[in-house]
Amino acid sequence: MQSLTEVAYKTILNDILKLKLLPGEKVQDKVLMEQLNISRTPVREAILQLKNNGLMMTVPQSGTYVTKISLGSALNARFVRQSVERSVVSEAAEKCRKSTFWTVEPLFKNSN
């Protein structure tokens, strides 16, 4: 069974990923508490985890916000993803038999 903090974290994270909470949007503890029907401590702990993961930030005298996505971060993430995908495909191709390769080759031709 998940703790209330885990439930709050996963729900808020999902809202960020699905853009229900937009980059730069102010987030209020009380609103989240009401939406999730969870007390203040688990919600605050979830927000702290999201801050530690770089998905939220606190601005003194202003509030807590969903972190904006920087172009540099997005480009770095894309580079890392492409590198990992190339490595995985390369390793899979080495382990793959020729007969299997000819079966999946048309899939790769259309993926560019």
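Modeller: Helices and strands here are DSSP runs, numbered from the N terminus. Keep in mind as we go that this is a predicted model.

Colleague: Happy to. Where is Leu19 found?

Modeller: Look at the loop between H1 and strand S1 (26–27), and you will find Leu19 there. Its backbone is worth a glance too: Leu19 is not a glycine, yet its phi is positive, about 60°.

Colleague: Is Gln61 buried or exposed, and why?

Modeller: Exposed means over 50% relative accessible area. Gln61 has 85% relative accessibility, so it counts as exposed.

Colleague: And how do I read the nonpolar core?

Modeller: The general idea is that in soluble globular proteins, nonpolar side chains tend to be buried together. In this model, the largest nonpolar core has 15 residues, and Ile12, Ile16 and Met56 have the most contacts inside it. At least two residues of this core come from each of helix H1 (4–17), helix H2 (29–36) and helix H3 (40–52).

Colleague: What does Ile12 touch?

Modeller: Leaving aside residues up to four places away in sequence, Ile12 touches Leu21, Leu32, Leu36, Ala46, Ile47, Leu50 and Met56.

Colleague: Which residues line the largest pocket?

Modeller: Among them are Ile16, Leu19, Leu21, Gly54, Lys68 and Ile69. The lining comprises eight nonpolar residues, two polar and one charged, and the largest pocket holds about 190 Å³ of space.

Notes:
Residues are numbered from 1 along each chain as its sequence is written. This is a predicted model: local features need pLDDT of at least 70, side-chain atom pairs count only at pLDDT 80 or more; totals for chains, interfaces and linings use all residues. Side-chain values use heavy atoms; hydrogens and water are left out. On a 1 Å grid over the protein atoms alone, a cavity is a set of points where a 1.4 Å probe fits but cannot get out, and a pocket is an open set with protein on both sides within 12 Å along at least five of seven lines; lining residues have an atom within 4 Å of a point. Grid points are joined across faces, edges and corners, and a volume is the space filled by probe spheres set on the points. Ala, Val, Leu, Ile, Met, Phe, Trp, Tyr, Cys and Pro count as nonpolar, Asp, Glu, Lys and Arg as charged, and the others, Gly among them, as polar. A nonpolar core is a set of buried Ala, Val, Leu, Ile, Met, Phe, Trp, Tyr and Cys residues joined through side-chain atoms within 4.5 Å. Buried means under 20% relative accessible area, exposed over 50%, partly exposed in between (1.4 Å probe, protein chains only). Helices (H or I, at least four residues) and strands (E, at least two) are DSSP runs, numbered from the N terminus. Contact means heavy atoms within 4.5 Å.
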